[in-house]
Amino acid sequence: MNKNTYIAKSYFNYKLKAKGRHSIHSPFLYNMYNTCVVKSEKSQYHNEIEQLRNTLEKDKREIYVNDLGAGSRKNKSNERKICQIAKYSLKSAKEAQFLSCFASITQSKSIIELGCSLGLTSARIALDNPNTYINSIEGCENIAKIAQNNFTKLNISNIKLHIGNFDTVFQKILMDISADLIFVDGNHTKEATLKYFNLAIDNMNPNGYIVFDDIYWSQEMTEAWNTIISDNRVSLSIDLFHFGIISISKDFSKQNFILKF
Ligand SMILES: C[S@@+](CC[C@H](N)C(=O)[O-])C[C@H]1O[C@@H](n2cnc3c(N)ncnc32)[C@H](O)[C@@H]1O
């Protein structure tokens, strides 16, 4: 089965199973879902960031991309236009808004993002949550330069951009800080995803959360997600199709939710 058929089939199955807020009994989860999905509101920074996205989506300059991950589905070449990266690699405004709200409602003060790309999602979280500090990792130097430029344009001082491979940089950051929220958005292979999961849960705040992006990007990403949610150390898991969220907190009894997004 090709990847597009796999995603379409997975989306159909997800739509059949996904439930709304009335399926949630935990007051914390209900509040999170209601605030961040059902009643999600645009922040004061929405227009500024979306204008920047618009500009990037029109930028025809080509850069050399050193891809350390599973590659792009749209462009296999290492020469990529900035507009293509902006259109196909970034989380949408709605998804970035959700992550920003999730960071706020879980009072996450220390965030690690694996996969900064052009920086729009981390920018959104950083601007909406000025008391949060984000360590974001990007393996491609040319992409990171544009992200850093975007952070400067947006006057952001609560993001530190690390240029390097997740395989080395992630562990180093985890040795220095106790992350409350980790967003895994790059290197979409089963092996890498499970490696980052194990590294994260051994070193992060035990009451924190991990968000895995693109859990239906491929069959092997869904296998990784299923392995993660059946792990005994994982208590809560939430499938929003675009993201999978987990916690290892003892405050939650083991439960898996599939919720409409
Ligand atoms: C999907 S994009 C991230 C999008 C970003 N989170 C957003 O929503 O704006 C994934 C990024 O991860 C980077 N990446 C993939 N594998 C990597 C690795 N092993 N080490 C460092 N960076 C990697 C890629 O260069 C790419 O820019």
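Is N187 buried or exposed? Select N187 to find out. N187 is buried, with a relative accessible area of 15%; buried means under 20% relative accessible area, exposed over 50%, and partly exposed in between, with a 1.4 Å probe and protein chains only.

**Before you go on**

This is a predicted model, in which local features need pLDDT of at least 70, side-chain atom pairs count only at pLDDT 80 or more, and totals for chains, interfaces and linings use all residues. Residues are numbered from 1 along each chain as its sequence is written, and side-chain values use heavy atoms, with hydrogens and water left out.

**Stop 1: N187 and its loop**

Stay on N187. Its phi is positive, about 55°, although N187 is not a glycine. The residue sits in the loop between β6 (181–184) and α9 (190–203). Helices (H or I, at least four residues) and strands (E, at least two) are DSSP runs, numbered from the N terminus.

**Stop 2: the ligand**

Now select the ligand. It is surrounded by 19 residues, and the closest are G115, T121, E138, F166 and D185. The shell divides into five nonpolar, 10 polar and four charged residues. Here Ala, Val, Leu, Ile, Met, Phe, Trp, Tyr, Cys and Pro count as nonpolar, Asp, Glu, Lys and Arg as charged, and the others, Gly among them, as polar.

Next, pick the backbone of L68. One of its N or O atoms lies 3.3 Å from a nitrogen atom of the ligand. A backbone N or O atom of G69 also lies 3.3 Å from a ligand nitrogen. Move to K91: a polar backbone atom there is 3.0 Å from an oxygen atom of the ligand. The protein covers 92% of the 610 Å² of accessible area that the ligand has on its own. Accessible areas come from the Shrake-Rupley method with a 1.4 Å probe.

**Stop 3: helix α5**

Select residues 93–105. This is helix α5, with 13 residues. From first C-alpha to last it reaches 18 Å, close to the 18 Å expected at 1.5 Å a residue. The expected span is 1.5 Å times one less than the number of residues. Of the 13 residues of α5, 10 are buried, so the helix is largely enclosed by the rest of the structure. Among them are F98, L99, C101 and F102.

Q107 is in the loop between α5 and β3 (110–114). At 61% relative accessibility, Q107 counts as exposed.

**Stop 4: the cysteines**

Show C36 and C101. A disulfide joins them, S to S 2.2 Å; the cut-off is a pair of cysteine sulfur atoms within 2.5 Å. The count comes to one disulfide. The link of C36 and C101 is left-handed, with -75° about the S-S bond. C36 lies in helix α2 (residues 27–38) and C101 in α5, so the pair ties together parts that are 65 residues apart in sequence. C36 is buried at 2% relative accessible area, and C101 counts as buried at 18%.

Now select C116. Its sulfur is 11 Å from the closest cysteine sulfur, in C140, too far for a bond. C116 counts as buried at 4% relative accessibility. C140 is in no disulfide and counts as buried at 3%.

**Last stop: S77**

Select S77, in the loop between β1 (62–64) and β2 (79–81). At 33% relative accessibility, S77 counts as partly exposed. S77 and V65 are 12 residues apart in sequence and 8.4 Å apart in space, C-alpha to C-alpha.

Note on methods. A residue is near a molecule or strand if one of its heavy atoms lies within 4 Å of it. A polar contact is a pair of N or O atoms within 3.5 Å; within protein, one must be able to donate a hydrogen and the other to accept it, and residues adjacent in sequence count only if both atoms are side-chain atoms.
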